[in-house]
Amino acid sequence: MLTPVTPTIRSRPVYAPLEARPGRLHLMVADGEGADALVDMMGKASDRSQILASAHMIYAPGPNGTDRTDALKALGLRQFFRAPTVPALLPRLIRVLADAHMGTQFYLAGTEGLIGQAEREIMATGFPMGAIQKEHRGSTVRRVQCVHCKGITENVATDPFKCSHCGLNLFVRDHYSRRIAAFQGVNIDAEDPGLVPEPVVRFK
Amino acid sequence: MSLDFKPGAFDFFRDETFRESFTYRNSNPLRFPFPFDRDDYMYSVNMEPHVPGRKGTAFEHVFDVDEHYVSEMIDRAKVLADDPLRCQSLPHMTLAGWDLLELIMEAKARDYPQWFSLTKNGNRWHWVNRPLGIEQSLTFLDESTLPYGPFEYITRQTQGDFSLQDERDNDLWMDAGMITSQADWSLDFDIGMSFMEWHAPVPLAHEKGVFDRALKFLLKLQHGAPVRRFNWTMTVNPLLDTAPETYPKWGPTKTTLTQENLGAKQHLRVELQSLWRLPRSNAIAFDIRCYLCSFEQIVTVPKWARRLHRVVRDLPEELAAYKGFLRNRPAMVEWLSKYDDGAPTSPGWWPDD
């Protein structure tokens with residue numbers, strides 16, 4: 001099921017269930033439980049065999065270890081590639097995008113970190129946002145940029161958390177940059193150094 | 001231009017600092033664009049035509065060059081030397097940068113001929129900026145003839161932060177910015193965002209429809225008919241560069257206020273924002289000009305003293321929190337209350353003559 005996102009502020013991304021649409025190439029990028037979104041979509045697709053014949057799927061296990069490689073392979077996609085992690089998946093995505101033409105349908109599913117980074121690469125090639133569908137599934141851990149040192153901390157679960165680059169204690173805002181593919185982290189004890197609230201697990 | 005240029009060639013420009021020693025002062029507080037036209041405040045679209053206004057005020061010319069010009073440009077050069085990410089322009093925004101360069105050079109040469117001159121021979125231009133000691137021959141629209149891109153070149157010589165908005169898909173995209181005197185927002189994070197995205201963190205205004213109306217209004221903005229509005233916040237010390245990037249450095253100063261030092265340290269920070277449709281690129285230039293005035297200078301104007309007290313006292317809590325002065329509001333109200341005798345104030349923002 002789609003991971004529910006409470007709309008907060010208007011830069012915070014929102015998501016919708018994937019639906020198969022006509023296209024020349026169906027590029028699917030997913031991690032972890034995002035695989036289930038694609039399996040569900042294919043289960044409902046009326047032109048299933050046509051999509052399978054022009055589908056390229058790039059997949060990595062989720063940050064929580066969820067690995068649905070077998071289920072995806074069983075779909076019978078024309079091309080399937082499993083990367084060990086999201087960073088390892090991106091070079092292949094960039095290479096595939098270099099040959100993707102207008103009329104390509106993009107399906108992104110899984111964690112917000114995977115969706116955001118894939119979306120950034122697709123948009124950098126000039127594809128319209130309308131060609132990109134996004135369904136958030138599985139873990140809600142966040143990719144957060146420290147506004148102070150600019151370092152990005154992956155898989156942030158608590159709020160506040162310690163920046164993995166500069167060590168400042170950051171609170172996690174809902175303000176989100178598609179260009180950076182990250183939420184914003186801001187020093188929580190800047191005005192009162194040392195007064196850091198107990199971290200709470202907000203993202204699982 | 002480098003960090004080496006010095007004030008002094010003209011007596012008009014103050015040699016002052018916006019950091020460490022904080023020697024910034026206004027010689028004439030009556031010149032300050034006090035932003036409150038009534039005794040309370042709430043967000044509104046509040047746009048009006050940006051036309052030249054009263055002599056001797058910040059409104060006299062459309063790009064106001066005041067006594068702080070040279071020192072502000074030195075401060076900007078220092079900010080950029082520390083963090084070049086404060087000026088960014090996405091590749092498709094170069095033409096808009098040229099548009100802005102032309103707009104500013106023409107306006108300054110027209111309004112301040114004693115300081116600036118622009119000579120054109122076709123596309124071969126000669127620009128002189130005497131206060132900053134700059135002479136530059138350039139070929140308009142040829143980037144190789146300038147030491148920086150056109151946007152950075154001209155905004156290193158112009159007070160006020162600037163952003164350039166590209167218009168696509170019935171929306172405005174903030175695709176370039178020179179942001180060194182900002183009220184706590186990050187260009188590096190926000191660049192590339194749509195109008196609603198970069199305004200996302202502002203409380204209350206979305207629900208009131210302010211941004212929907214503002215975007216509709218701006219999409220109709222015409223070349224040659226700029227508009228302006230005010231925004232404001234509070235800053236401890238006359239610090240221009242209140243960036244989120246450096247918040248751990250300046251955040252602790254918020255805890256240093258006492259009733260004794262508040263009048264000198266606490267500043268009302270006013271943004272006189274003007275918006276300009278650009279002719280070639282169809283982009284919109286957004287000039288966010290920051291003016292600072294200490295509380296002790298503001299209260300020398302009795303009307304402003306009474307009104308500032310009432311606005312600060314009655315501001316909704318969400319706005320005081322968003323503007324970052326919730327913790328100091330009680331101290332500000334206590335200090336300002338001494339200058340409010342409860343008398344009625346006249347409408348409009350001008351001091352009573």
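Helix H4(A) lies across S1, S2 and S3 of chain A and runs at about 160 degrees to S2(A). Such angles run from 0 to 180 degrees between N-to-C directions, with axes fitted to C-alpha atoms, for helices over the stretch in contact. This is a predicted model, in which local features need pLDDT of at least 70 and side-chain atom pairs count only at pLDDT 80 or more, while totals for chains, interfaces and linings use all residues. Residues are numbered from 1 along each chain as its sequence is written, and chains are lettered from A and ligands numbered from 1 in the order in which they are written.

Here are some elements to look for; helices (H or I, at least four residues) and strands (E, at least two) are DSSP runs, numbered from the N terminus.

| Element | Residues |
|---|---|
| H4(A) | 86-98 |
| S3(A) | 79-82 |
| S4(A) | 104-110 |
| S5(A) | 132-136 |

In H4(A), Val86(A), Leu89(A) and Leu93(A) are buried, that is, 20 or more other C-beta atoms, placed from the backbone, lie within 10 Å of their own. The buried residues of H4(A) pack against S1, S2 and helix H5 (112-124) of chain A; contact here takes C-beta atoms within 7 Å.

Now to the sheet itself. Its five strands form an open sheet in the order S3-S2-S1-S4-S5 (chain A), with parallel pairing. Pairing takes at least two DSSP bridges between two strands. At the edges, S3(A) and S5(A) each pair on one side only. S4(A) and S5(A) pair over five bridges, and Phe106(A) has Ile132(A) as its bridge partner in S5(A).

Notes. Expected span 1.5 Å × (residues − 1). Buried ≥ 20, exposed ≤ 12 C-beta atoms within 10 Å, placed from the backbone. Contact = placed C-beta atoms within 7 Å.
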